[in-house]
Amino acid sequence: MHALLVEDDDRMAHALGTALAQRGHTVRRVARAADALRHTREAEFVLLDLGLPDLDGMELLRRLRTVCAAPLIVVTARCEERDVVQGLRAGADDYVVKPFRMAELMARIDTVRRRAPGAVAGRPGPAGPAGPDAAAVRTVCRGDAEVDLATRTVCVAGAEVRLTRREFDVLAHLAARPDEVHPRAEILDRIWGDAFFAASRSLDVHVAGIRAKTGRPWLVRTVRGFGYQLGTER
Ligand code: CA
């Protein structure tokens, strides 16, 4: 796979580049946001440092996400909760805080790549074209919210709501079997590729994103201590 490594620190870039090459990846390393935006097209996954010399990494993340759907992991020294939440909301697939263990980062790369659209290995997505549920149910309506599993769109009161890919995956997973309560581990396993893989907080952040962006907080119902279900308006 071809990695785009956005990192202005030479030593860190060298260590990451070496580890990626050892695992058979080719790497394009850039140190500036402007160069990152020039090389997104070829990237099959992206590692993104947030502290860059020419543009705030969080802003770069937002811009990257408008042009690039490749799996993206933020690798940063920023460890504040709000940074992690902001990064995941802006469309990062995972968030790794420096200093990190190289083996763990490589494992996380494998996980986000497995979940990427067009990934060769792995199970069909919960609502992907190959999913058994998608054939049976294409559009699920709740109140004035409409989730179209085939076209991967969500409309509220007739207007399309732009969710991140991962947010839609979560919502589609619930909508594909709307009468069931889905355990957290099941959702993490299906959407993130691993039931126990440190993504627990990601799930909560994504659910919060769905609620905020649709303006329909009831659309995802929390079943405390268990999981989530597609909700209904009361
Ligand atoms: Ca930096």
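Let's begin with the whole chain. Residues 24 or more positions apart account for 55% of the contacts in the chain with a separation of 6 or more, where a contact means heavy atoms within 4.5 Å. What you are looking at is a predicted model, in which local features need pLDDT of at least 70 and side-chain atom pairs count only at pLDDT 80 or more, while totals for chains, interfaces and linings use all residues. Residues are numbered from 1 along each chain as its sequence is written, and side-chain values use heavy atoms, with hydrogens and water left out.

The chain has nine helices and 12 strands. Helices (H or I, at least four residues) and strands (E, at least two) are DSSP runs, numbered from the N terminus. Of the 234 residues in the chain, 48% are buried. Here buried means under 20% relative accessible area, exposed means over 50%, and partly exposed lies in between (1.4 Å probe, protein chains only).

**The calcium site**

Which residues are the protein donors of the calcium ion? They are Asp8 (OD), Asp49 (OD) and Gly51 (O), which lie 2.2 to 2.4 Å from the ion. Donors are N, O and S atoms within 2.8 Å of the metal (3.2 Å for Na, K and Ca), and since water is not among the atoms, sites may look incomplete. Written as a sequence pattern, the spacing of the donor residues is D-x40-D-x1-G. The two aspartates link distant parts of the chain, 41 residues apart: aspartate 8 is in the loop between strand S1 (2-6) and helix H1 (10-22), and aspartate 49 is in the loop between strand S3 (45-48) and helix H3 (57-67). Aspartate 8 counts as partly exposed because its relative accessibility is 32%, whereas aspartate 49 is buried, with a relative accessible area of 6%.

**Around alanine 33**

Alanine 33 belongs to helix H2 (residues 33-38). Is alanine 33 buried or exposed? With a relative accessible area of 1%, alanine 33 is buried. Leaving aside neighbours within four places in sequence, alanine 33 is in contact with Leu52, Asp54, Leu55 and Leu60. Alanine 33 and glutamate 59 are 26 residues apart in sequence, and their C-alpha atoms are 9.4 Å apart in space.

**Helices that cross**

Now look at two pairs of helices. The axes are lines fitted to C-alpha atoms, for helices over the stretch in contact, and the angles run from 0 to 180 degrees between N-to-C directions.

| Helix pair | Axes come within | Crossing angle |
|---|---|---|
| H1 and H5 (residues 102-115) | 11 Å | roughly 55° |
| H7 (residues 165-176) and H8 (residues 184-192) | 10 Å | roughly 130° |

The angle in the H1 and H5 row makes H1 oblique to H5. H7 and H8 are likewise oblique to each other. Angles under 35 degrees count as roughly parallel, over 145 as roughly antiparallel, 65 to 115 as roughly perpendicular, and the rest as oblique.

The crossing of H1 and H5 is right-handed, and H7 also passes H8 in a right-handed crossing. A crossing is right-handed if the near helix is turned clockwise from the far one by less than a right angle, and left-handed if anticlockwise.

Which residues of H1 and H5 make the contact? From H1 come Ala15, Leu16, Ala19 and Leu20, and from H5 come Met102, Leu105, Met106 and Ile109. For the other pair, H7 brings Arg166, Asp169, Val170, His173 and Leu174, and H8 brings Glu186, Ile187, Arg190, Ile191 and Trp192.

**Backbone details**

In helix H4 (residues 81-89), Asp83, Val84, Val85, Gly87 and Leu88 are buried. Just after H4, glycine 91 takes a positive phi of about 115°. Further on, the peptide bond from lysine 98 to proline 99 is cis, with omega near -5°. Proline 99 sits in the loop between strand S5 (94-97) and H5.

Arginine 152 is not a glycine, yet has a positive phi of about 55°. Arginine 152 is in the loop between strand S7 (145-148) and strand S8 (153-156) and is partly exposed, at 36% relative accessible area. Alanine 157, also not a glycine, has a positive phi of about 50°. Alanine 157 lies in the loop between S8 and strand S9 (159-161) and counts as exposed, at 56% relative accessibility.
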